[in-house]
Amino acid sequence: MTRYFSEDHEWIEVEGDLGTVGITDYAQGQLGDITFVELPEPGVSVSKGDSVSVVDSVKAASDVYTPVSGTIADANAALNDEPELVNSDAELSGWLFRVTLSDPSELKTLMDETAYKAFVESL
Amino acid sequence: MSEYPIHDNDEAEELAPLPLPLDAWHRENGGRMVPFAGYLMPVQYDGPGGGIMAEHLWTRDNAGLFDVSHMGQLEISGPDVEAALEALLPGDISALKPGRLRYSLLLNEDGGILDDLMVTNRGGEFYLVVNGASKWDDIGHLREHLPDEITMSHLDEHALLALQGPKAAAALGKMGLEPAMPGMPGLEELKFMQAASYLWEGRPLGVSRSGYTGEDGFEISVRGEDAAAVAGALCALEEVRPIGLGARDSLRLEAGLPLYGHDLSEETDPVSAGLAFAISKRRRAEGGFPGAERILGLLADGAPKARAGFALEGRMAAREGAKVFSGGEEVGVVTSGGFSPTLQHPIAMAYVDAPHATDGTPLEIEMRGKRLPAKVVPMPFVPHRYYR
């Protein structure tokens with residue numbers, strides 16, 4: 001399994017052609033207390049960079065962009081009752097959705113963990 | 001303190017947000033600084049007890065200290081100053097006794113709201129607190145319309161703090177404030193919408209029992225050089241934590257209090273805005289304030305729109321700009337909305353066509369292509385707990 005990061009502060013963990021997507025711990029810290037997550041519907045086809053999910057905090061609503069193209073396979077239903085999981089465990093149980101990749105070569109445009117850390121420090 | 005006019009619109013000032021007297025103090029206390037109304041302000045504090053939700057709930061249960069030094073503090077005095085102010089505001093300023101304050105509105109000629117403000121009779125002068133984002137326009141408007149013999153000072157080197165919450169009085173009581181002059185009330189005698197001057201360790205403080213959260217509390221005008229000492233002494237008390245602008249907004253929304261630039265604007269009149277209480281009885285009878293003809297007509301006939309409160313089902317919040325529907329008909333627009341930390345569901349304020357503004361009316365608010373079921377509810381959403 002390999003984990004990649006986008007400049008929009010999403011992470012994606014890929015196993016075979018299935019990617020699990022969430023927002024990074026840095027992103028949840030910036031957004032603050034999350035009160036609602038709008039999840040994508042399974043079966044919807046999406047293109048890299050599409051806004052497919054929305055994370056609502058007390059302060060504002062923020063779009064979540066898919067870092068890869070493909071078809072939505074699943075969404076994290078636990079967030080319907082516990083959206084605060086995105087705050088407490090953003091990079092594990094606070095995942096948002098799974099996507100079946102249509103073009104794995106897109107992963108090359110993403111950062112690895114070291115590069116993402118350097119990117120965040122540069123902000 | 002400096003005498004107006006001295007504000008120059010140089011570009012650097014327009015572009016770069018300015019630090020306020022408590023800038024370093026906020027940073028030492030974990031404040032996350034963001035540009036707001038031309039200044040750098042703490043939106044929330046990092047660390048234990050920080051974050052908008054925790055800060056909000058802390059204020060409802062304990063006492064929160066807010067820095068609102070971006071707001072404009074003005075002193076206005078001179079011959080017939082009451083009449084001069086009444087030419088611009090719809091309040092009964094002549095009847096405002098020393099040591100009392102009231103909410104008022106700066107109106108344009110059409111009765112549109114240029115700003116909302118608090119006006120205090122300080123004895124020899126009137127003290128106004130106006131919104132940060134509109135203060136330069138307000139100062140220009142006041143200077144243009146007030147007679148030349150009226151003096152206006154902008155207290156631009158003063159900070160303004162707000163201590164809010166059910167434990168605010170206990171906390172401020174521990175500070176040992178002394179009335180600045182004989183005959184002024186002790187802090188414990190001060191009731192909602194009353195004000196007095198105090199000394200704290202020799203430092204002058206202008207204190208009013210007022211605020212923007214719906215809770216009991218105080219607003220404290222303090223010289224910039226004394227602000228960090230006052231803030232530090234207050235936050236050293238176990239009841240008090242610093243609270244950022246984020247929670248200030250969610251608290252005032254729950255309290256049903258409008259925010260200028262969002263829920264109020266030059267296009268809004270006081271009657272639609274639900275602020276008819278700011279038009280005093282004598283002024284209704286006599287008129288003589290800007291837009292009186294239109295506003296008195298709206299008072300008599302009813303306004304076509306009304307600012308109404310909404311409770312939403314589910315957890316998705318309606319935000320400013322969202323449209324309100326009754327079936328297929330668009331009947332209004334949201335001006336403020338968010339998740340209520342106290343109630344644990346989303347709430348909103350919207351201007352809707354008057355027939356749809358009755359409590360209990362079921363409507364829908366459109367967010368991101370979805371229709372969210374919503375119901376008109378009375379404001380405040382969370383009951384006020386003022387000390388009367």
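Two strands count as paired if DSSP finds at least two bridges between them. Strands themselves are DSSP runs of E with at least two residues, helices are runs of H or I with at least four, and both are numbered from the N terminus. This is a predicted model, in which local features need pLDDT of at least 70, side-chain atom pairs count only at pLDDT 80 or more, and totals for chains, interfaces and linings use all residues. Residues are numbered from 1 along each chain as its sequence is written, while chains are lettered from A and ligands numbered from 1 in the order in which they are written.

**View 1. The β8–β9 pair of chain A.** A75(A) stands opposite F97(A) in β9(A). Strand β8 (residues 70–75) and strand β9 (residues 97–101) of chain A run antiparallel, joined by five bridges. Both belong to an open sheet of six strands in chain A, ordered β1-β2-β3-β9-β8-β5 with antiparallel pairing. β1 (2–5) and β5 (45–46) of chain A stand at the edges with a single partner strand each, so one side of each has no neighbour in the sheet. Strands of a sheet pair through backbone hydrogen bonds, either parallel or antiparallel.

**View 2. Chain A as a whole.** Chain A has four helices and nine strands. From the N terminus, its elements run β-β-β-α-β-β-β-β-β-α-α-β-α. Its radius of gyration (taken over C-alpha atoms) is 13 Å, close to the 14 Å from the globule rule (2.2 Å times the number of residues to the power 0.38) for 123 residues, so chain A is as compact as a globular protein of that length. Along the principal axes, the C-alpha atoms of chain A fill a box of roughly 35 × 35 × 20 Å. Of the 123 residues in chain A, 43% are buried. Buried means that 20 or more other C-beta atoms lie within 10 Å of the residue's own; exposed means 12 or fewer, partly exposed in between, with C-beta atoms placed from the backbone.

**View 3. Where chain A meets chain B.** The contact takes 11 residues from chain A and 14 residues from chain B. Two residues are in contact if their C-beta atoms, placed from the backbone, lie within 7 Å. On the side of chain A that touches chain B, β4 (34–38) and β6 (51–57) of chain A each supply at least two residues. β4(A) gives the most, with three residues. This side of chain A divides into five nonpolar, two polar and four charged residues. Here Ala, Val, Leu, Ile, Met, Phe, Trp, Tyr, Cys and Pro count as nonpolar, Asp, Glu, Lys and Arg as charged, and the others, Gly among them, as polar.

**View 4. β21 of chain B and its partners.** Strand β21 (residues 370–377) of chain B pairs antiparallel with strand β16 (residues 305–312) of chain B over four bridges. There, G309(B) has V377(B) as its bridge partner. Strand β20 (residues 362–367) of chain B also pairs antiparallel with β21(B), over six bridges. E364(B) has P373(B) as its bridge partner. β20(B) and β21(B) form a hairpin with two residues between them, and R368(B) in the turn has a positive phi of about 50°.

**View 5. Helix α8 of chain B.** Nine of the 10 residues of α8 (residues 245–254) of chain B are buried, so the helix is largely enclosed by the rest of the structure. Among them are L245(B), R248(B), D249(B) and L253(B). The buried residues of α8(B) pack against elements of chain B including α3 (52–61) and β18 (329–340). Just after α8(B), G256(B) takes a positive phi of about 75°.
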